[in-house]
Amino acid sequence: MTKKNIVITGGAGFIGSHVVRLFVNKYSDYKIINLDKLTYAGNLANLKDIENKPNYKFVKMDICDFDNFYKLMQDEKIDGIIHLAAESHVDRSIKDPFTFAKTNVMGTLSLLQAAKLYWESLPEKYEGKRFYHISTDEVYGALQMTNPEGVEPPFTTTASSKEHHLAYGTEFFLETTKYNPHSPYSASKASSDHFVRAFHDTYGLPTIVTNCSNNYGPYQFPEKLIPLFINNIRHKKPLPVYGKGENVRDWLFVEDHARAIDLIFHKGNVADTYNIGGFNEWKNIDIIKVVIKTVDRLLGRAEGEDLNLITYVKDRAGHDMRYAIDSSKLQKELGWEPSLQFEEGIEKTVKWYLNNQEWMDNITSGEYEKYYESMYANR
Ligand code: NAD
Ligand code: TYD
């Protein structure tokens with residue numbers, strides 16, 4: 001294997017930390033640089049197990065800082081960028097869209113320009129180089145519910161089961177689906193995706209874009225549905241379900257996303273796009289009930305005793321009804337498959353949060369608690 005120097009942006013966040021861990025452990029001859037600004041969502045505690053590995057380095061930097069990023073590329077002779085740094089929470093984007101435009105659009109543009117200028121200055125130019133941009137299925141907008149009843153839970157999912165995938169509707173997001181973002185978050189991600197593709201089409205930058213569905217698993221910041229609800233159930237706090245809880249999301253275990261990123265970074269076609277998802281659609285209210293029952297069982301409570309914590313609150317503005325990814329292209333072309341059944345993934349995830357209470361307490365104390373209380377009070 002050729003030695004590579006790779007920057008992973010947003011490596012102290014949820015998905016980024018899993019990608020950093022996978023690359024550091026798997027590629028001992030690569031130099032992995034985790035570049036992160038450490039916003040509220042960045043947490044170096046996510047990487048404690050690998051922080052002393054010789055092939056790992058952390059750099060605290062804002063992706064909008066063009067000069068320092070360009071210098072880092074020169075100093076470290078960077079061959080590859082795996083770009084995950086972003087503002088990632090829809091509710092925050094509704095309150096503060098400017099930060100999303102700045103980081104997600106301008107930050108991505110800054111990285112693209114630095115990569116272009118540095119790689120163009122080398123004798124080999126773009127040979128062996130990669131700019132891999134991690135995006136979301138939310139850029140495609142919302143799908144119709146052609147079968148709002150769906151299938152009755154609990155159902156057993158089989159990895160890549162198309163029947164399950166078709167539970168709520170016949171449409172799904174393909175790589176060719178037209179972009180139609182609705183939230184400031186998805187609009188900023190869509191814009192950054194367009195810049196990445198424009199840099200390939202205009203300058204020949206060797207780019208790849210992937211669009212993944214909702215991730216779940218360890219180390220997710222507890223403002224997102226699953227870790228937030230696990231923590232609230234543990235503390236017997238209300239569970240704020242937006243609207244009627246009927247929106248559908250397509251859930252993928254985070255380590256499966258990280259495995260896909262590894263595969264696509266090494267084997268994906270330049271200028272191509274791949275959708276990543278596990279054919280695993282759930283109505284919010286159904287997933288919430290599974291989470292409640294799992295937490296109750298693991299805490300030795302009567303199964304379902306916390307169902308009464310469910311509290312229906314005002315819907316999220318512009319709340320997308322349904323997301324569903326068709327990842328057939330990735331499965332057929334590169335042979336990727338999700339490794340876990342959903343039931344196993346949720347069990348693993350709930351256990352992880354319950355066993356890592358200190359990690360959770362460190363995040364949810366202080367500033368975040370005040371923020372969360374104010375968000376909740378405003379509903
Ligand atoms: P996250 O919010 O957990 O982590 C984001 C990380 O980026 C944090 O470590 C933060 O400190 C860092 N960051 C933010 N602004 C920065 C800046 N200006 N400069 C440098 N670092 C900065 O996000 P996540 O859920 O891990 O998502 C990672 C990426 O994957 C994002 O691009 C997101 O759009 C995409 N994505 C997420 C999901 C999901 O379900 N979470 C699904 C598909 C795609
Ligand atoms: P979230 O984890 O914020 O991901 P995204 O908005 O990117 O899909 O939310 C997942 C779903 O859960 C979404 O339909 C909104 C809903 N939700 C709630 O009902 N209550 C909550 O407190 C949160 C955070 C989300």
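This is a predicted model: local features need pLDDT of at least 70, side-chain atom pairs count only at pLDDT 80 or more; totals for chains, interfaces and linings use all residues.
Aspartate 296 is buried, and yet no salt bridge goes with that. Arginine 301 has the nearest side chain of opposite charge, but at 4.2 Å the pair doesn't count, because a salt bridge needs a side-chain nitrogen of Lys or Arg within 4 Å of a carboxyl oxygen of Asp or Glu.

Turning to the ligands, ligand 1 is surrounded by 28 residues, with Ile15, Asp36, Ser88, Tyr185 and Lys189 as the closest. Asp36 shows up again in the polar contacts, where a polar atom of its side chain lies 2.6 Å from an oxygen atom of ligand 1. Another oxygen contact involves the backbone, with an N or O atom of glycine 13 at 3.0 Å. On the nitrogen side, a nitrogen atom of ligand 1 is 2.9 Å from a side-chain N or O atom of aspartate 62. Taken on its own, ligand 1 has 830 Å² of accessible area, and the protein covers 97% of it.

As for where that shell comes from, at least two residues each are supplied by helix 1 (14-26), strand 5 (130-136), helix 6 (184-203) and strand 7 (214-216). Strand 5 gives the largest share, with three residues.

Ligand 2 has 18 residues around it, and the closest are Glu138, Pro240, Arg249, Arg316 and His319. Pro240 contributes through its backbone: a polar atom there is 2.7 Å from a nitrogen atom of ligand 2. Leucine 225 also uses a polar backbone atom, in this case 3.0 Å from an oxygen atom of the ligand. Asparagine 284, by contrast, works through its side chain, which places an N or O atom 2.9 Å from an oxygen atom of ligand 2. Of the 500 Å² that ligand 2 exposes when taken alone, the protein buries 96%.

Two elements, helix 7 (225-234) and strand 8 (239-242), each bring at least two residues to the shell around ligand 2.

How values were computed: Residues are numbered from 1 along each chain as its sequence is written. Chains are lettered from A and ligands numbered from 1 in the order in which they are written. Side-chain values use heavy atoms; hydrogens and water are left out. Buried means under 20% relative accessible area, exposed over 50%, partly exposed in between (1.4 Å probe, protein chains only). Lys and Arg count as positive and Asp and Glu as negative; His and the chain ends are not counted. A residue is near a molecule or strand if one of its heavy atoms lies within 4 Å of it. A polar contact is a pair of N or O atoms within 3.5 Å; within protein, one must be able to donate a hydrogen and the other to accept it, and residues adjacent in sequence count only if both atoms are side-chain atoms. Accessible areas come from the Shrake-Rupley method with a 1.4 Å probe; for residues, only the protein chains shown count as cover. Helices (H or I, at least four residues) and strands (E, at least two) are DSSP runs, numbered from the N terminus.
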